[in-house]
Amino acid sequence: MNLQSEIEYFSELEPAGQARLLALLVHELSIEARTTYGSNAEQVQDGARLRFVNEMNSRLARYIELVLVDEPNRPGADVLLRMLLAPRADKAAERLVVSAYRRALQGFDQHDATVTMEPR
């Protein structure tokens, strides 16, 4: 995955598109967090991974809110995408985020609302 091209792609999206893509990513990360669950409701098998996903989702939810209110002082797209996609020392966490990001992009592309129809 080319980080710079992802930054450029995200930066070119309208705010609603950015928010929608990030909402899809939050959903995909939540699905990844399910792998941390134990066999019963009180058991967590991988607390560090669950905490990592929770922190990522918290940051993403806040960024979505800043996009939706058009906050001029929000972090730039490059800062956000580097937080998400830059190489990590924890390669399992890196794979988790990249995998969720790819699935979010696929879902985003499947529901692209920017297609226009030619008049008949």
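Predicted model: local features only at pLDDT ≥ 70, side-chain atom pairs only at ≥ 80, totals over all residues.
Biologist: Where is Gln43 found?

Modeller: Gln43 sits in the loop between helix 2 and helix 3.

Biologist: Which residues does Gln43 touch, not counting those up to four places away in sequence?

Modeller: Gln43 touches Tyr37 and Gly38. From Gln43 to Met56, 13 residues along the chain, the C-alpha atoms are separated by 21 Å.

Biologist: Why does Gln43 count as partly exposed?

Modeller: Residues under 20% relative accessible area are buried and those over 50% are exposed, with partly exposed in between. Gln43 counts as partly exposed because its relative accessibility is 35%.

Biologist: Now the whole chain. How many helices and strands are there?

Modeller: The chain has 5 helices and 0 strands. Read from the N terminus, the order of elements is α-α-α-α-α. Along the principal axes, the C-alpha atoms fill a box of roughly 60 × 35 × 30 Å.

Biologist: What percentage of the residues of the chain count as buried?

Modeller: The figure is 37% of the 120 residues. As for contacts between residues at least 6 apart in sequence, 69% join residues at least 24 apart.

Biologist: How do I read the span of a helix, and what is it for helix 3?

Modeller: Compare the distance from first to last C-alpha with the span expected at 1.5 Å a residue. Helix 3 has 22 residues and reaches 31 Å, close to the expected 32 Å.

Biologist: Which residues of helix 3 are buried?

Modeller: Start with the general idea. An α-helix has 3.6 residues a turn, so residues three or four places apart point the same way. In helix 3 the buried residues include Phe52, Val53, Met56, Asn57, Leu60, Tyr63, Ile64 and Val67. Arg49 is also one of the buried residues.

Biologist: What covers the buried residues of helix 3?

Modeller: The cover includes helix 1, helix 2, helix 4 and helix 5.

Biologist: Why does Asn57 count as buried?

Modeller: Asn57 is buried because its relative accessible area is 13%, and the cut-off is under 20%. Beyond four places in sequence, Asn57 touches Val26, Leu29 and Ser30.

Biologist: What about Glu28: is Glu28 buried or exposed?

Modeller: Glu28, in helix 2, is buried with a relative accessible area of 13%. Apart from neighbours within four places in sequence, Glu28 is in contact with Ala100, Arg103 and Ala104.

Biologist: Where is the place of Ala77?

Modeller: Ala77 is in helix 4, and counts as buried at 13% relative accessibility. Leaving out residues up to four places away in sequence, Ala77 touches Phe10, Ser11 and Tyr63.

Biologist: Which residue caps the N-terminal end of helix 5?

Modeller: Asp90 does, with a side-chain oxygen 3.2 Å from the backbone nitrogen of Ala92. Ala92 is in helix 5 and is partly exposed, with a relative accessible area of 30%.

Biologist: What are the length and packing of helix 5?

Modeller: Helix 5, residues 91-110, has 20 residues and reaches 28 Å from first C-alpha to last, close to the 28 Å expected. Among its buried residues are Leu96, Val97, Ala100, Tyr101, Ala104, Leu105 and Phe108. The buried residues of helix 5 pack against helix 1, helix 2, helix 3 and helix 4.

Definitions and conventions. Residues numbered from 1 in each chain as written. Heavy atoms only, no water. Helix = DSSP H or I, 4+ residues; strand = E, 2+ residues; numbered from the N terminus. Buried < 20%, exposed > 50% of the residue type's maximum accessible area, 1.4 Å probe, protein only. Contact = heavy atoms within 4.5 Å. Expected span 1.5 Å × (residues − 1). Polar contact = N/O pair within 3.5 Å; in protein donor to acceptor, adjacent residues only side chain to side chain.
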